[in-house]
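Have a look at it here before we start.

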Amino acid sequence: MRFLYFIIIFLFISCSKNDSDFDEKSTDDTWKEIVNAFDFYEGLATYNITQGGINREYLLYIPPSIQSRTNLPIIFNFHGYSGQADQFFDMTDLVDIANENGIVLVYPQGSLLPGGATHWNAAPSTGTSPSFVNKSNTDDIGFFNSMLEEINQNNILDLNRVYAIGYSNGGMFSHFLACNTDNVFAAIGDVAGTMLLDTYNSCNPSSPTPFLKIHGTSDAVVAYNGFDPQGFKSVDEVVDFWKLNNNSNDSFIFNSMVSTSWANYMGPVDFEKHTYESDINGPSIVHYKMLRGRHWWDYSLDNDLKTSSLLWEFFSKHSRE
(Lines give C-alpha, C1' and ligand atoms only; values in the text may rest on other atoms or scores of the structure.)
Protein backbone atom coordinates (compact mmCIF):
# COMPACT_ATOMS: atom_id res chain seq x y z
CA MET A 1 0.00 0.00 0.00
CA ARG A 2 2.84 2.37 0.89
CA PHE A 3 4.43 1.65 -2.50
CA LEU A 4 1.18 2.54 -4.27
CA TYR A 5 0.94 5.77 -2.24
CA PHE A 6 4.40 6.91 -3.41
CA ILE A 7 3.53 6.07 -7.03
CA ILE A 8 0.40 8.24 -6.84
CA ILE A 9 2.34 11.13 -5.27
CA PHE A 10 5.04 10.84 -7.95
CA LEU A 11 2.51 10.93 -10.78
CA PHE A 12 0.75 13.91 -9.23
CA ILE A 13 3.99 15.88 -8.94
CA SER A 14 5.05 14.96 -12.48
CA CYS A 15 1.71 16.01 -13.98
CA SER A 16 1.71 19.24 -11.99
CA LYS A 17 5.18 20.09 -13.23
CA ASN A 18 4.25 19.46 -16.85
CA ASP A 19 1.12 21.61 -16.56
CA SER A 20 3.16 24.37 -14.93
CA ASP A 21 5.80 24.22 -17.68
CA PHE A 22 3.10 24.42 -20.35
CA ASP A 23 1.50 27.48 -18.76
CA GLU A 24 4.85 29.20 -18.43
CA LYS A 25 5.99 28.42 -21.95
CA SER A 26 2.67 29.00 -23.69
CA THR A 27 3.52 32.70 -23.97
CA ASP A 28 7.04 32.00 -25.16
CA ASP A 29 7.93 32.04 -28.87
CA THR A 30 10.09 28.95 -28.47
CA TRP A 31 7.15 26.94 -27.20
CA LYS A 32 4.96 28.17 -30.04
CA GLU A 33 7.55 26.83 -32.45
CA ILE A 34 7.53 23.45 -30.72
CA VAL A 35 3.74 23.26 -30.89
CA ASN A 36 3.77 23.96 -34.62
CA ALA A 37 5.50 21.08 -36.39
CA PHE A 38 6.36 22.99 -39.56
CA ASP A 39 8.16 25.72 -37.61
CA PHE A 40 9.99 23.25 -35.42
CA TYR A 41 11.06 20.15 -37.32
CA GLU A 42 14.13 20.55 -39.47
CA GLY A 43 15.70 17.75 -41.46
CA LEU A 44 13.60 14.86 -42.76
CA ALA A 45 10.18 13.96 -41.34
CA THR A 46 7.11 12.00 -42.45
CA TYR A 47 3.61 13.47 -42.49
CA ASN A 48 0.14 12.15 -43.30
CA ILE A 49 -2.94 13.67 -44.88
CA THR A 50 -6.36 12.13 -45.44
CA GLN A 51 -7.34 12.89 -49.02
CA GLY A 52 -10.37 11.45 -50.76
CA GLY A 53 -10.88 9.01 -47.90
CA ILE A 54 -7.32 7.66 -48.31
CA ASN A 55 -4.46 8.12 -45.85
CA ARG A 56 -1.67 9.73 -47.88
CA GLU A 57 1.96 10.10 -46.80
CA TYR A 58 4.76 12.41 -47.79
CA LEU A 59 8.34 13.12 -46.75
CA LEU A 60 9.24 16.71 -45.95
CA TYR A 61 12.82 17.97 -45.76
CA ILE A 62 13.54 21.41 -44.30
CA PRO A 63 17.24 22.34 -44.37
CA PRO A 64 18.63 22.67 -40.84
CA SER A 65 20.96 25.49 -41.89
CA ILE A 66 18.37 28.04 -43.03
CA GLN A 67 18.52 31.45 -41.35
CA SER A 68 14.83 32.27 -41.66
CA ARG A 69 11.74 30.12 -42.17
CA THR A 70 10.22 32.53 -44.70
CA ASN A 71 10.19 32.86 -48.49
CA LEU A 72 11.60 29.38 -49.07
CA PRO A 73 11.43 27.80 -52.54
CA ILE A 74 9.90 24.32 -52.64
CA ILE A 75 10.43 21.34 -54.95
CA PHE A 76 7.92 18.49 -55.15
CA ASN A 77 9.58 15.35 -56.52
CA PHE A 78 7.41 12.41 -57.58
CA HIS A 79 8.76 8.86 -57.74
CA GLY A 80 8.20 6.47 -60.63
CA TYR A 81 5.70 3.64 -61.04
CA SER A 82 5.91 1.16 -58.12
CA GLY A 83 8.35 3.48 -56.34
CA GLN A 84 8.74 4.37 -52.66
CA ALA A 85 9.22 7.95 -51.48
CA ASP A 86 12.03 7.17 -49.01
CA GLN A 87 14.07 5.26 -51.60
CA PHE A 88 13.49 8.00 -54.17
CA PHE A 89 14.64 10.62 -51.66
CA ASP A 90 17.98 8.82 -51.34
CA MET A 91 18.26 8.16 -55.07
CA THR A 92 17.79 11.74 -56.28
CA ASP A 93 20.59 13.32 -54.25
CA LEU A 94 19.02 16.75 -53.68
CA VAL A 95 19.87 17.27 -50.00
CA ASP A 96 23.16 19.15 -50.54
CA ILE A 97 21.52 21.48 -53.05
CA ALA A 98 18.61 22.05 -50.66
CA ASN A 99 21.00 22.83 -47.79
CA GLU A 100 23.08 25.22 -49.88
CA ASN A 101 20.10 27.11 -51.28
CA GLY A 102 17.49 26.90 -48.52
CA ILE A 103 15.05 24.75 -50.48
CA VAL A 104 12.18 22.78 -48.99
CA LEU A 105 11.91 19.29 -50.51
CA VAL A 106 8.73 17.21 -50.67
CA TYR A 107 8.67 13.53 -51.64
CA PRO A 108 5.06 12.34 -51.75
CA GLN A 109 4.10 8.67 -51.70
CA GLY A 110 1.94 7.44 -54.57
CA SER A 111 -1.23 5.46 -53.88
CA LEU A 112 -1.80 1.79 -54.65
CA LEU A 113 -3.37 0.48 -57.80
CA PRO A 114 -5.69 -2.55 -57.43
CA GLY A 115 -2.75 -4.78 -58.40
CA GLY A 116 -0.67 -3.43 -55.51
CA ALA A 117 1.87 -1.15 -57.26
CA THR A 118 2.24 2.51 -56.30
CA HIS A 119 1.55 5.11 -58.97
CA TRP A 120 0.56 8.68 -59.83
CA ASN A 121 -2.67 9.39 -61.66
CA ALA A 122 -1.22 11.16 -64.69
CA ALA A 123 -4.27 11.67 -66.92
CA PRO A 124 -8.04 12.21 -66.75
CA SER A 125 -9.68 8.95 -65.74
CA THR A 126 -12.45 9.44 -68.33
CA GLY A 127 -10.09 9.56 -71.31
CA THR A 128 -9.32 6.89 -73.89
CA SER A 129 -5.63 6.33 -73.13
CA PRO A 130 -4.90 2.61 -72.60
CA SER A 131 -2.16 3.30 -70.04
CA PHE A 132 -3.77 1.55 -67.07
CA VAL A 133 -0.60 1.71 -64.92
CA ASN A 134 -0.30 5.50 -65.23
CA LYS A 135 -3.88 6.62 -64.62
CA SER A 136 -6.64 5.86 -62.13
CA ASN A 137 -9.46 7.52 -60.19
CA THR A 138 -7.13 8.71 -57.41
CA ASP A 139 -7.32 12.45 -56.69
CA ASP A 140 -3.59 13.14 -56.76
CA ILE A 141 -4.15 16.77 -57.71
CA GLY A 142 -6.20 17.19 -54.54
CA PHE A 143 -3.38 15.48 -52.63
CA PHE A 144 -0.88 17.96 -54.04
CA ASN A 145 -3.06 20.95 -53.16
CA SER A 146 -3.52 19.65 -49.61
CA MET A 147 0.24 19.17 -49.16
CA LEU A 148 1.04 22.66 -50.40
CA GLU A 149 -1.55 24.22 -48.11
CA GLU A 150 -0.43 22.23 -45.06
CA ILE A 151 3.28 22.86 -45.55
CA ASN A 152 2.66 26.58 -46.00
CA GLN A 153 0.25 26.94 -43.09
CA ASN A 154 2.66 29.40 -41.44
CA ASN A 155 3.63 31.14 -44.69
CA ILE A 156 7.13 29.70 -44.78
CA LEU A 157 7.13 29.35 -48.57
CA ASP A 158 7.70 31.69 -51.48
CA LEU A 159 4.64 30.77 -53.55
CA ASN A 160 6.28 32.34 -56.59
CA ARG A 161 8.90 29.58 -56.44
CA VAL A 162 6.95 26.32 -56.40
CA TYR A 163 8.45 23.60 -58.60
CA ALA A 164 7.47 20.05 -59.54
CA ILE A 165 9.52 17.32 -61.13
CA GLY A 166 9.18 13.58 -61.38
CA TYR A 167 10.77 10.42 -62.69
CA SER A 168 8.99 8.16 -65.21
CA ASN A 169 5.33 7.97 -64.06
CA GLY A 170 6.16 10.84 -61.68
CA GLY A 171 7.34 12.90 -64.66
CA MET A 172 4.03 12.17 -66.37
CA PHE A 173 2.27 13.47 -63.28
CA SER A 174 4.25 16.72 -63.31
CA HIS A 175 2.71 17.47 -66.72
CA PHE A 176 -0.78 16.57 -65.47
CA LEU A 177 -0.30 18.88 -62.47
CA ALA A 178 0.79 21.81 -64.63
CA CYS A 179 -2.19 21.24 -66.92
CA ASN A 180 -4.72 21.19 -64.07
CA THR A 181 -3.59 23.81 -61.56
CA ASP A 182 -4.11 27.54 -61.85
CA ASN A 183 -0.86 29.47 -62.12
CA VAL A 184 0.89 27.54 -59.34
CA PHE A 185 4.26 26.49 -60.75
CA ALA A 186 7.29 28.60 -61.55
CA ALA A 187 8.64 25.64 -63.56
CA ILE A 188 8.22 21.89 -63.94
CA GLY A 189 10.50 19.03 -64.93
CA ASP A 190 10.29 15.51 -66.29
CA VAL A 191 12.99 12.84 -66.20
CA ALA A 192 12.32 9.72 -68.32
CA GLY A 193 8.58 10.46 -68.42
CA THR A 194 6.18 11.87 -71.01
CA MET A 195 2.69 13.25 -71.49
CA LEU A 196 -0.06 10.67 -71.71
CA LEU A 197 -2.38 10.98 -74.69
CA ASP A 198 -5.37 12.20 -72.66
CA THR A 199 -3.28 14.81 -70.84
CA TYR A 200 -1.78 15.98 -74.12
CA ASN A 201 -5.21 16.31 -75.76
CA SER A 202 -6.91 18.07 -72.83
CA CYS A 203 -4.12 20.23 -71.44
CA ASN A 204 -4.87 23.95 -71.29
CA PRO A 205 -2.38 25.56 -68.90
CA SER A 206 -3.38 28.80 -67.24
CA SER A 207 0.00 30.41 -67.94
CA PRO A 208 3.38 29.81 -69.60
CA THR A 209 5.27 27.12 -67.69
CA PRO A 210 9.04 26.78 -68.05
CA PHE A 211 9.92 23.14 -68.62
CA LEU A 212 13.02 20.95 -68.12
CA LYS A 213 13.17 17.63 -69.97
CA ILE A 214 15.82 14.93 -69.49
CA HIS A 215 15.45 11.69 -71.42
CA GLY A 216 17.64 8.86 -72.74
CA THR A 217 17.31 7.95 -76.40
CA SER A 218 17.69 4.22 -75.60
CA ASP A 219 14.98 4.24 -72.92
CA ALA A 220 13.13 0.92 -73.32
CA VAL A 221 10.45 1.71 -70.69
CA VAL A 222 9.23 5.13 -71.84
CA ALA A 223 10.48 5.27 -75.42
CA TYR A 224 12.03 8.52 -76.60
CA ASN A 225 9.96 8.31 -79.80
CA GLY A 226 6.74 7.52 -77.96
CA PHE A 227 4.63 4.38 -77.73
CA ASP A 228 1.10 4.54 -79.12
CA PRO A 229 -0.24 1.34 -77.49
CA GLN A 230 0.29 2.93 -74.05
CA GLY A 231 -0.68 6.44 -75.11
CA PHE A 232 2.89 7.73 -74.60
CA LYS A 233 3.68 10.87 -76.59
CA SER A 234 7.17 11.27 -78.02
CA VAL A 235 9.69 13.60 -76.43
CA ASP A 236 9.59 15.85 -79.50
CA GLU A 237 5.80 16.13 -79.22
CA VAL A 238 6.04 16.99 -75.52
CA VAL A 239 8.72 19.63 -76.09
CA ASP A 240 6.74 21.11 -78.99
CA PHE A 241 3.63 21.30 -76.80
CA TRP A 242 5.38 23.37 -74.13
CA LYS A 243 7.15 25.47 -76.78
CA LEU A 244 3.74 26.48 -78.15
CA ASN A 245 2.29 27.09 -74.69
CA ASN A 246 5.28 29.19 -73.62
CA ASN A 247 5.55 31.19 -76.85
CA SER A 248 9.07 29.88 -77.32
CA ASN A 249 10.86 30.48 -80.59
CA ASP A 250 12.18 27.78 -82.89
CA SER A 251 15.82 28.74 -82.55
CA PHE A 252 17.88 26.94 -79.94
CA ILE A 253 21.38 26.84 -78.54
CA PHE A 254 22.95 23.50 -79.40
CA ASN A 255 25.68 21.91 -77.32
CA SER A 256 27.19 18.46 -77.66
CA MET A 257 29.07 17.27 -74.60
CA VAL A 258 30.36 14.04 -73.09
CA SER A 259 29.26 12.87 -69.67
CA THR A 260 31.17 10.37 -67.54
CA SER A 261 28.73 7.50 -67.32
CA TRP A 262 27.45 6.27 -63.98
CA ALA A 263 26.75 2.92 -65.63
CA ASN A 264 30.16 1.56 -66.60
CA TYR A 265 28.71 -1.11 -68.83
CA MET A 266 27.27 1.59 -71.11
CA GLY A 267 30.41 3.68 -71.49
CA PRO A 268 30.27 7.48 -71.82
CA VAL A 269 26.85 9.01 -72.49
CA ASP A 270 26.97 11.88 -74.95
CA PHE A 271 24.20 14.44 -74.71
CA GLU A 272 22.77 17.39 -76.53
CA LYS A 273 21.41 20.40 -74.70
CA HIS A 274 18.57 22.16 -76.50
CA THR A 275 17.50 25.53 -75.09
CA TYR A 276 14.40 27.29 -76.41
CA GLU A 277 14.10 30.95 -75.57
CA SER A 278 10.97 32.98 -74.88
CA ASP A 279 10.48 36.73 -74.72
CA ILE A 280 8.26 36.12 -71.69
CA ASN A 281 10.48 34.01 -69.43
CA GLY A 282 13.93 33.63 -71.00
CA PRO A 283 15.18 30.02 -71.25
CA SER A 284 11.64 28.68 -71.32
CA ILE A 285 12.55 25.09 -72.20
CA VAL A 286 15.74 23.11 -71.71
CA HIS A 287 15.96 19.58 -73.06
CA TYR A 288 18.88 17.26 -72.33
CA LYS A 289 18.84 14.56 -74.98
CA MET A 290 20.93 11.77 -73.50
CA LEU A 291 22.32 9.78 -76.41
CA ARG A 292 22.25 6.03 -75.64
CA GLY A 293 20.88 6.80 -72.18
CA ARG A 294 18.33 4.40 -70.73
CA HIS A 295 15.51 4.67 -68.19
CA TRP A 296 17.61 6.41 -65.57
CA TRP A 297 17.41 9.33 -63.17
CA ASP A 298 21.15 10.09 -63.35
CA TYR A 299 23.42 9.87 -66.40
CA SER A 300 26.71 11.03 -64.95
CA LEU A 301 29.09 10.73 -62.00
CA ASP A 302 30.08 14.36 -62.53
CA ASN A 303 28.37 16.45 -59.84
CA ASP A 304 27.83 19.30 -62.30
CA LEU A 305 26.02 16.97 -64.70
CA LYS A 306 23.91 15.05 -62.23
CA THR A 307 20.18 15.49 -62.64
CA SER A 308 19.90 17.24 -59.25
CA SER A 309 22.36 19.91 -60.41
CA LEU A 310 20.75 20.30 -63.83
CA LEU A 311 17.27 20.73 -62.43
CA TRP A 312 18.24 23.35 -59.85
CA GLU A 313 20.32 25.21 -62.42
CA PHE A 314 17.10 25.50 -64.45
CA PHE A 315 14.57 26.01 -61.64
CA SER A 316 16.65 28.73 -59.96
CA LYS A 317 16.25 30.95 -63.03
CA HIS A 318 12.46 30.93 -62.86
CA SER A 319 10.05 32.64 -60.50
CA ARG A 320 6.32 33.08 -61.07
CA GLU A 321 5.26 36.68 -61.62
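Q: Which residues line the second largest pocket?
A: Its lining is made of Asp-93, Asp-96, Ile-97, Glu-100, Asn-303, Asp-304, Lys-306, Ser-308 and Ser-309. A lining residue has an atom within 4 Å of a pocket point; on a 1 Å grid over the protein atoms alone, a pocket is an open set of points where a 1.4 Å probe fits, with protein on both sides within 12 Å along at least five of seven lines. Bear in mind that this is a predicted model, where local features need pLDDT of at least 70, side-chain atom pairs count only at pLDDT 80 or more, and totals for chains, interfaces and linings use all residues. Residues are numbered from 1 along each chain as its sequence is written, and side-chain values use heavy atoms, leaving out hydrogens and water.

Q: What makes Trp-297 a contact of Phe-88?
A: Contact means heavy atoms within 4.5 Å, and Trp-297 is among the contacts of Phe-88 beyond four places in sequence.

Q: Why is H6 described as largely enclosed by the rest of the structure?
A: Because 9 of its 12 residues are buried. Among them are Phe-143, Phe-144 and Met-147.

Conventions. Buried means under 20% relative accessible area, exposed over 50%, partly exposed in between (1.4 Å probe, protein chains only). Helices (H or I, at least four residues) and strands (E, at least two) are DSSP runs, numbered from the N terminus.
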